[in-house]
Amino acid sequence: QVQLEESGGGLVQAGGSLRLSCAASGRSTSGRASSSYPMGWFRQAPGKEREFVAAITWNGAGTYYADSVKGRFTISRDNAKNTVHLQMNSLTPDDTRVYYCVTSGSVARLLANDYDYWGQGTQVTVSS
């Protein structure tokens, strides 16, 4: 199976930046490497539903963002290193969430919050 591990979360002041990273390893049950799938990020607060943040196609040619983060966050990937990143700028307290790295069989499924694999999450806290 595919394993995803997030890192880079922490505590920042409003207006600050963080760069999240996700390391992927293993293969899906179909035998495809993790680099062959679209990947993305979602976030979740306690007692709330998971919220789509960003997604990127397998080759990095296409990116997708939630309206709430568009223009502030940038998703990227490096398939040679099996990593995906989320650069988070102009952070506000409303961005305080646990952020999860996810992957799925298609971009459409990612955008629908239908994931095949996800990590344990990394906490992002933004102080006012």
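## Terms and model

Buried means under 20% relative accessible area, exposed means over 50%, and partly exposed lies in between (1.4 Å probe, protein chains only). The model is predicted: local features need pLDDT of at least 70, side-chain atom pairs count only at pLDDT 80 or more, and totals for chains, interfaces and linings use all residues. Residues are numbered from 1 along each chain as its sequence is written, and side-chain values use heavy atoms, with hydrogens and water left out.

## Salt bridges

The whole structure contains 6 salt bridges, each defined as a side-chain nitrogen of Lys or Arg within 4 Å of a carboxyl oxygen of Asp or Glu. One of them joins Asp114 to Arg109, with an N to O distance of 3.2 Å. Asp114 is partly exposed, at 35% relative accessibility, and Arg109 is also partly exposed, at 28%. Another pairs Lys70 with Asp67 at 3.2 Å, N to O; Asp67 is exposed because its relative accessible area is 67%.

Arg43 and Glu51 form a salt bridge of 3.0 Å, N to O. Arg43 is buried, at 3% relative accessibility, whereas Glu51 is partly exposed, at 24%. These two residues belong to a salt-bridge network that also includes Arg72 and Asp95.

## Nonpolar core

In soluble globular proteins, nonpolar side chains tend to be buried together. Here a nonpolar core is a set of buried Ala, Val, Leu, Ile, Met, Phe, Trp, Tyr and Cys residues joined through side-chain atoms within 4.5 Å. The largest such core has 33 residues, and Trp41, Leu86 and Tyr99 have the most contacts inside it. Elements giving two or more residues to this core include strands S1 (2-7), S3 (18-26), S4 (39-44) and S9 (97-103). Strands are DSSP runs of E, at least two residues long, numbered from the N terminus.

With neighbours within four places in sequence left aside, the contacts of Tyr99 include Trp41, Leu86 and Arg43, where contact means heavy atoms within 4.5 Å.

## His85

His85 lies in strand S8 (residues 83-88) and is buried, at 13% relative accessibility. Its side chain makes polar contacts with the side chains of Ser21, at 2.9 Å, and Thr83, at 3.5 Å. A polar contact is a pair of N or O atoms within 3.5 Å; within protein, one must be able to donate a hydrogen and the other to accept it, and residues adjacent in sequence count only if both atoms are side-chain atoms.

Beyond neighbours within four places in sequence, His85 is in contact with Arg19, Leu20, Ser21, Trp41, Thr74, Ile75 and Ser76.

Definitions and conventions: Helix = DSSP H or I, 4+ residues; strand = E, 2+ residues; numbered from the N terminus.
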